[in-house]
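Me: I'm new to this one, could you walk me through it slowly?

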Amino acid sequence: MKIDAHTHKYKEYPASEVLQFVNVRNRTEFNELKGKPDVKLTYGLHPWWINEDNIDWDLLRDVDVVGEIGLDKAINIPLEKQIEIFEAQLKYALSSGKDIIIHCVRAYNEVQLCLKRTGFNGKVLFHGYRSTPEMARQLLKICDARFSFGNRELALEKYRKVKDSLPPERVFWESDDE
């Protein structure tokens, strides 16, 4: 069975062909997809939407995986506010025993600090991974890290090299929003 480690768009596949980790935005999407075979549902307050301050903690409780959550230095939301929300979700995931999917843009050092500060010890998927092999090795040392790559990343030679430098069991494909 293939795995789509992070997608925003559920797709119909023949039974047991693809396990999809579908990121839902709200309770309506959750209810539409809940119970579908070969689907794991994910939800979290993405750093882009923090100012909306509308996390549905009940929905967070109901999904299989917390995410996508994280930090993004390419947006105009103060990093301190992003860290506050990110760490709250990390603490929730830790207390509930749920794994996480991380969105990270130019903030891998800060993400590492947050993981250490909260003591998060579950599985961590760095989706759409765009950093160096050295950073990936660091992340493998501090958490139970996995890395997913979509067509955007794999279109670039430098990220194909990063993917190839990682242990194969830690590498996943994702369709994201394609």
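What follows is a short chat about this structure.

Reply: This is a predicted model, in which local features need pLDDT of at least 70 and side-chain atom pairs count only at pLDDT 80 or more, while totals for chains, interfaces and linings use all residues. Residues are numbered from 1 along each chain as its sequence is written, and side-chain values use heavy atoms, with hydrogens and water left out.

Me: How many helices and strands does the protein have?
Reply: The secondary structure comes to 7 helices and 8 strands, where helices (H or I, at least four residues) and strands (E, at least two) are DSSP runs numbered from the N terminus.

Me: Is strand β2 buried or exposed?
Reply: Strand β2, residues 18-23, has 6 of its 6 residues buried, so it is largely enclosed by the rest of the structure; buried means under 20% relative accessible area, exposed over 50%, and partly exposed in between, with a 1.4 Å probe and protein chains only. Both faces are covered, with V18, Q20 and V22 buried on one side and L19, F21 and N23 buried on the other.

Me: And which strands pair with β2?
Reply: Strand β1 (residues 2-7) pairs with β2 in the parallel sense over 4 bridges, and β2 also pairs in the parallel sense with strand β3 (residues 39-43) over 4 bridges; two strands count as paired if DSSP finds at least two bridges between them. K2 has V18 of β2 as its bridge partner, while N23 has T42 of β3.

Me: Changing topic, which residues have the most contacts inside the largest nonpolar core?
Reply: They are I100, I102, L115, F126, Y129 and F147, in a core of 46 residues; a nonpolar core is a set of buried Ala, Val, Leu, Ile, Met, Phe, Trp, Tyr and Cys residues joined through side-chain atoms within 4.5 Å. Helix α3 (residues 79-96) gives the most to this core, with 6 residues. There is also a second, separate core of 6 residues, which includes L19, F21, V65 and L125.

Me: What is L115 in contact with?
Reply: Leaving aside neighbours within four places in sequence, L115 is in contact with L90, I100, I102, F120, V124, F126, I142 and C143, contact meaning heavy atoms within 4.5 Å.

Me: Last one, what about the protein as a whole?
Reply: Of its 178 residues, 48% count as buried, and the C-alpha atoms fill a box of roughly 40 × 35 × 30 Å, taken along the principal axes.
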